[in-house]
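This report looks at backbone geometry and charged side-chain pairs in the structure shown below.

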There are 2 protein chains.
Amino acid sequence: MQQLMAEAAEVAFAEARAHGVTRESVEAVVVGILNPAEFLDEGNSASLITDFLGLAGAAAWRVETASSTGAAALHSACHAVAAGRFRTVLVLGGEKKSHQDTAQVTARLARMIDRSERRMGATMTSLAALIAEYYRRAHRIGPEAFEVMRGRVAVKNRRNGCANPKAHFRRELTLEQFSASRHVSTPLRLFDCGPISDGAAALIVTSRRTPLRVSGLGHATDTQALSRRSHLAFFASTRRAAAQAYRMAGIGPSDIELAEVHDAFTAIEIMSAEDLGLFPPGAYGAALQAGRVDPGGDLPVNASGGLLARGHPIGASGLAQVIELSRRLGREGVRRGGPPRRGVALSMGGLATNNLVTVLELEGASPPDDGAPLPAVPEAPQAPLDAPDPEGGVVRASTTLFSPPAGFEGPLHFALVEGRAEGLSRTVLARAPRPVEAEERVRLARTERGLFIL
Amino acid sequence: MQQLMAEAAEVAFAEARAHGVTRESVEAVVVGILNPAEFLDEGNSASLITDFLGLAGAAAWRVETASSTGAAALHSACHAVAAGRFRTVLVLGGEKKSHQDTAQVTARLARMIDRSERRMGATMTSLAALIAEYYRRAHRIGPEAFEVMRGRVAVKNRRNGCANPKAHFRRELTLEQFSASRHVSTPLRLFDCGPISDGAAALIVTSRRTPLRVSGLGHATDTQALSRRSHLAFFASTRRAAAQAYRMAGIGPSDIELAEVHDAFTAIEIMSAEDLGLFPPGAYGAALQAGRVDPGGDLPVNASGGLLARGHPIGASGLAQVIELSRRLGREGVRRGGPPRRGVALSMGGLATNNLVTVLELEGASPPDDGAPLPAVPEAPQAPLDAPDPEGGVVRASTTLFSPPAGFEGPLHFALVEGRAEGLSRTVLARAPRPVEAEERVRLARTERGLFIL
């Protein structure tokens, strides 16, 4: 890990030299790493890595926010520099876990989701599948059309990965291969899901004047349990974080010319680009089809290959997104209509429980247009959690998980069930004894392991 | 854990109301927690706790710097507020690990020290014992006098703990009991060492004007391995962090009227108070004897009971120190010469690998005096690490560890051995086959498990 981070830091130092920033300028080091205790049998990581880099003496701290850790480390460094506390801060993010057993890694990563939902056998993939289905139905997208949309995301990001020498996957994928890949949790297939990667990223934040500026920061959380969320058709945390970041930058979503969004799953790219206001809700499918988000389109999304192809070394991903933006801003051929000068990155912690938005701006960006409206987060009072309708409720989305977590056997069936109580509705996660369909009316029973469809 | 943190947060909210700060004012939550993955089988802690507190939506991130985690969380919150990023930030620190097997907890905490030194069988206590001995000899303090000094720290902090309703230990200790307690790692006895505690702390940082101000922040690291340190008679990281904090506050150490320092071991309180410049190097023994650092003295140190008596819930300790200061600033009877108005807290990550200093100031503090000089960190070029003198070196400090870590048997003997190479000296950690004495000349052999005395 230290070696991976040191390699990334050397690249950052080499590039920073042109701006008068050297290794000796570093006054603090912020380290983003998810779980060094279990993945690496290491503690005291911030000091350890700082010492390894020959920077012992500098302040050093570790930041962690689940899978958005790299972005949170960057934001923490930005706060310290903006406060005048330090002039130059090195930000490192990284993860090394491929040396461990995949089942063990998966179990450890599953801690990002709610304990009660884990107890039911839910995994990150199955919850993402339910959210994807909920989104699809909210926008009246047919299952086949949705598969093509998701496939287009996978194909685009794999193609983009081929052009990125640092990508995890550098082989193209066809729509046919996508659709032929096995279901992990319906409708999500193997090629809907990002890989588990090793890797590191490094970036230097400085108060010196450089052509590149972090102009907007946004950060918001949501409930860990899906059963407690007010909104399931979009991610409130992304919308809130985006609103903060655009406000700080003094721009609107229509001023964004390049985006890196957290595509741990294809469907998450679709929803995220819409939650960022880059496209109206439900409109990403058309943008994909028209090639607008391809390299050379008017708003390339995940030109780096994204998490799907570049990979997802957890502590690094959020930081790598910003680095990927920085490498493309101002470059010819990146987008139609001239070099991009304003980019946005969205990093997601857990299933949108801890999301960070970063706006990056290159000198000479055009004056803000601020035309497009921001997607809002409507107030949504919910029925009490402990009062499910005794009559049951209606299935709003369902999934069958084919790779159950340790301790569970065979395919597991889950549904998001909307019930009513005290004149309000609430949608909760429930296990089902069989595949259930949307619009099906079901009865629920509360057990020690959670809600079950009878 | 969430429950402990929530209880602490409720106290903070209740007290903040007087300053116009409510639960609804909280825009971000910073969580200090050491190792929730292994101690609590939990991940995504920052969102988890924020959600548990009913604050889902707010930004949230976790900060970790080994045993100074609570202080680092506070500093991160201060950066965010000082940068204008958030107006009001809730800082939480906590740890819950007493439900686990002590040997397992100890092994997990041992990751704070260098991997190569762990491989030799060294533990935090044995390294602290070596540093304590090195300090004692550097100041020509006799072993008996040193035992009395350390005993006075233990007796004072235990007595202070009796007055603190939140303390882990609320029973007095006599010097006789101290000296009768078993050696853990010579010269350190059981009562030289702080406990493993559960607990939580909460504090609110706001940009609103309140009578209490964080006026100084300092933060510095040192090498993880003792064998690579430039200085062993004092902690360079504390001196550097103190210099930063005093400079930011525009004060000198003589302006401090109250201190909470990281007394994970008695000897560390002694060294830390001196490294903070509160007393000249080697002078803490006299201050203890004269009662100057007792409650009612002119500069009470660890009036809360410190880590030794208040306890050491790792993620909380550094934050709790600042809260303890805040509770005593402005209060009658705390010190001789009027209520204290300026306090300093020192929190230590690992064995002084990641140290943070915080200066807290109450409205109406007297103008800075800035008389006392700060203890400096002299340049100290060292011999290369990989060139131990073939003739061996001279023992500068030694310890016998009676509670070896898992995988080791019987008492283990360690020494800090000073050797010379290329005209420079370097002091390294070595295992010995028998107890060795300071000033003994020894020969060293490099093995796979580290340096061994022949």
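In this predicted model, Asn302(B) sits in the loop that runs between helix H12 (284-289) and helix H13 (306-309) of chain B. Its phi is positive, at about 55°, although Asn302(B) is not a glycine. Most residues other than glycine have a negative phi, and most peptide bonds are trans. Asn302(B) counts as buried, because its relative accessibility is 0% and the cut-off for buried is under 20%.

In chain A, Asn302(A) is found in the loop between helix H12 (284-289) and helix H13 (306-309), and its phi is near 55°, again a positive value in a residue other than glycine. Asn302(A) is buried too, with a relative accessible area of 0%.

The peptide bonds also deserve attention. The bond from Thr186(A) to Pro187(A) is cis, with omega near 0°, and Pro187(A) is placed in the loop between strand S4 (183-185) and strand S5 (188-189) of chain A. In chain B, the bond from Thr186(B) to Pro187(B) is likewise cis, with omega near 0°, and the loop between strand S4 (183-185) and strand S5 (188-189) of chain B holds Pro187(B).

Turning to charged pairs, the structure holds 51 salt bridges over all chains. Side chains of opposite charge can pair when their charged atoms come close.

| Salt bridge | Closest N and O atoms |
|---|---|
| Asp51(B) and Arg228(A) | 2.8 Å |
| Arg310(A) and Glu324(A) | 4.0 Å |
| Arg336(B) and Asp298(B) | 3.9 Å |

Asp51(B) and Arg228(A) form a salt bridge, and since Asp51(B) lies in helix H3 (residues 45-52) of chain B while Arg228(A) lies in the loop between strand S7 (212-221) and helix H10 (236-249) of chain A, the pair joins two chains. Asp51(B) is buried, with a relative accessible area of 6%, whereas Arg228(A) counts as partly exposed at 34% relative accessibility.

Arg310(A) forms a salt bridge with Glu324(A); Arg310(A) lies in the loop between H13 and helix H14 (314-328) of chain A and Glu324(A) in helix H14, so the pair ties together parts that are 14 residues apart in sequence. Arg310(A) counts as buried at 9% relative accessibility, and Glu324(A) is buried with a relative accessible area of 9%.

Arg336(B) forms a salt bridge with Asp298(B); because Arg336(B) lies in the loop between helix H14 (314-328) and strand S9 (342-349) of chain B, and Asp298(B) in the loop between H12 and H13 of chain B, the pair ties together parts that are 38 residues apart in sequence. Elsewhere, salt bridges that share partners join Arg137(A), Arg396(A), Glu418(A) and Glu439(A) into one network.

Methods
Residues are numbered from 1 along each chain as its sequence is written. Chains are lettered from A and ligands numbered from 1 in the order in which they are written. This is a predicted model: local features need pLDDT of at least 70, side-chain atom pairs count only at pLDDT 80 or more; totals for chains, interfaces and linings use all residues. Side-chain values use heavy atoms; hydrogens and water are left out. Helices (H or I, at least four residues) and strands (E, at least two) are DSSP runs, numbered from the N terminus. Buried means under 20% relative accessible area, exposed over 50%, partly exposed in between (1.4 Å probe, protein chains only). A salt bridge is a side-chain nitrogen of Lys or Arg within 4 Å of a carboxyl oxygen of Asp or Glu.
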